[in-house]
Amino acid sequence: MKAALIESVGTISLTEVPDPTPGPRDVVVRVAACGLCGTDLHILQGEFAPRLPIVPGHEFAGEIVAVGRDVGELAVGDQVAVDPSLYCHECRYCRNGHANLCDRWQAIGVSVPGGAAEYAVAPAANCVVLPEHVRVQDAALIEPLSCAIRGYDVLRSTLGARVLIYGAGTMGLMMLELAKRTGASGVDVVDINPDRLATAFVLGCSGAAASADELDRPQGWEVVIDATGNVAAIQDGLSRVAKAGTFLQFGVADYAARATIEPYRIYNQEITITGSMAVLHSYERAAELFAGGILDPEVFITDRLPLVEYPRAMEQFAAGVGRKTVVVP
């Protein structure tokens with residue numbers, strides 16, 4: 001079968017790999033669409049993936065074409081979205097309810113072959129059957145939505161909070177949609193891309209600007225979310241948190257990224273700084289919300305490219321073109 005392959009740091013190509021076969025509790029999914037993500041760029045840069053080469057792609061959905069001998073709850077022909085997270089279920093973090101911090105954490109498309117291919121293997125337990133009205137070609141959005149839901153689980157948002165989001169890409173816009181539905185009194189967005197700011201307005205943000213200074217809120221925001229991973233945005237965002245407010249590091253920064261905090265201010269103003277890592281008990285909820293229409297796929301998915309153009313899709317994504325790019329085998 002055809003698959004994208006990150007061969008080494010900075011090198012990606014389309015190649016032929018053996019067709020996958022399911023283990024006893026696995027299924028084989030014919031991939032309908034696979035989303036590109038910032039994590040894929042980090043893998044290409046030599047971060048996250050424990051070893052290369054690797055077939056990337058942790059945001060994917062498709063149709064089951066084969067099932068393992070011990071799989072009874074799924075059948076050939078089922079359309080599914082796939083939670084890529086793989087946990088050991090044995091370490092202290094798995095046992096205390098923080099499996100996303102698993103000492104042996106792995107993921108489809110990160111440590112084992114992923115969905116940037118014609119077919120992919122997944123544990124049956126990681127598959128969520130999609131309702132008939134959901135277009136499987138759009139369901140690659142469920143995985144990033146599940147990450148956004150995990151972020152809001154961490155925030156434990158207070159009704160009436162004013163929210164500031166840095167970044168109006170896919171993840172920032174998903175955080176906007178969730179903020180609107182979790183009782184925010186207003187949601188402001190900062191991004192240097194005018195087209196992305198325009199989309200934030202379409203989705204109903206309260207204000208959008210290239211700089212938080214333009215939003216004229218000197219007292220700050222009760223919730224500040226970085227969805228960029230960019231050091232300048234993070235540093236600015238830390239300075240915008242209101243007294244007793246919370247800063248959420250949601251965007252994935254480079255390993256070497258550093259920002260400066262003000263310990264006295266954190267103490268004196270009771271500011272909380274926290275983070276959100278991937279997916280935790282949120283994938284099924286994301287599938288439910290997606291089926292209920294929380295996101296408009298036509299707004300979020302701006303580019304659908306054939307799998308054979310995966311290298312070009314990655315270049316386009318790295319350049320910040322569009323919002324969500326998916327490849328279609």
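Helices H3 and H8 cross at roughly 115 degrees, and their axes come within 8 Å. Since 65 to 115 degrees counts as roughly perpendicular, H3 is therefore roughly perpendicular to H8. The crossing is right-handed. From H3, the contact draws on Ile-142, Glu-143, Leu-145, Ser-146, Ile-149 and Asp-153. From H8 come Tyr-283, Arg-285, Ala-286, Ala-287, Leu-289 and Phe-290. By class, the contact of H3 with H8 has eight nonpolar, one polar and three charged residues. All of this is read from a predicted model.

H3 also packs on H4. H3 spans residues 142-155 and H4 spans residues 170-181. Their axes come within 9 Å and cross at roughly 55 degrees. H3 and H4 are therefore oblique to each other. Their crossing is right-handed. On the H3 side, the contact uses Pro-144, Leu-145, Cys-147, Ala-148, Ile-149, Gly-151 and Tyr-152. On the H4 side, it uses Met-171, Met-174, Met-175, Leu-178 and Ala-179. The contact of H3 with H4 holds eleven nonpolar residues, one polar and no charged.

| Helix pair | Axis distance | Crossing angle |
|---|---|---|
| H3 and H8 | within 8 Å | roughly 115 degrees |
| H3 and H4 | within 9 Å | roughly 55 degrees |

Leu-145 and Ile-149 of H3 take part in the contact with H8, and Leu-145 and Ile-149 also meet H4.

Next come the spaces in the model. How many cavities of 30 Å³ or more does the structure hold? There is one. The largest cavity has a volume of about 30 Å³. Its lining consists of Ser-157, Thr-158, Ala-161, Val-163, Ala-179, Thr-182, Gly-183 and Ala-184. Four of these lining residues are nonpolar, four are polar and none is charged. Ala-179 lines this cavity and is also among the H4 residues that meet H3.

The second largest pocket has a volume of about 280 Å³. It is lined by 14 residues, and those closest to its centre are Asp-83, Ser-85, Tyr-87, His-89 and Asn-126. Which elements each supply at least two residues of this lining? They are strand E6 (85-86) and helix H8 (283-291). The lining of this pocket comprises seven nonpolar, five polar and two charged residues.

Two backbone features remain. Most residues other than glycine have a negative phi, and most peptide bonds are trans. Where do the exceptions described here lie? Pro-53 sits in the loop between helix H1 (38-44) and strand E4 (59-67). The peptide bond from Leu-52 to Pro-53 is cis, with omega near 5 degrees. Phe-48 is also placed in the loop between H1 and E4. Phe-48 is not a glycine, yet its phi is positive, about 80 degrees.

Terms used
Residues numbered from 1 in each chain as written. Predicted model: local features only at pLDDT ≥ 70, side-chain atom pairs only at ≥ 80, totals over all residues. Heavy atoms only, no water. 1 Å grid on protein atoms, 1.4 Å probe; cavity = no way out; pocket = protein on both sides within 12 Å on 5 of 7 lines; lining within 4 Å. Points joined across faces, edges and corners; volume = space filled by probe spheres on them. Helix = DSSP H or I, 4+ residues; strand = E, 2+ residues; numbered from the N terminus. Nonpolar A, V, L, I, M, F, W, Y, C, P; charged D, E, K, R; others polar. Axes fitted to C-alpha atoms, helices over the stretch in contact; angles between N-to-C directions. Parallel < 35°, antiparallel > 145°, perpendicular 65-115°, else oblique. Left-handed = near helix turned anticlockwise from the far one by under 90°. Contact = heavy atoms within 4.5 Å.
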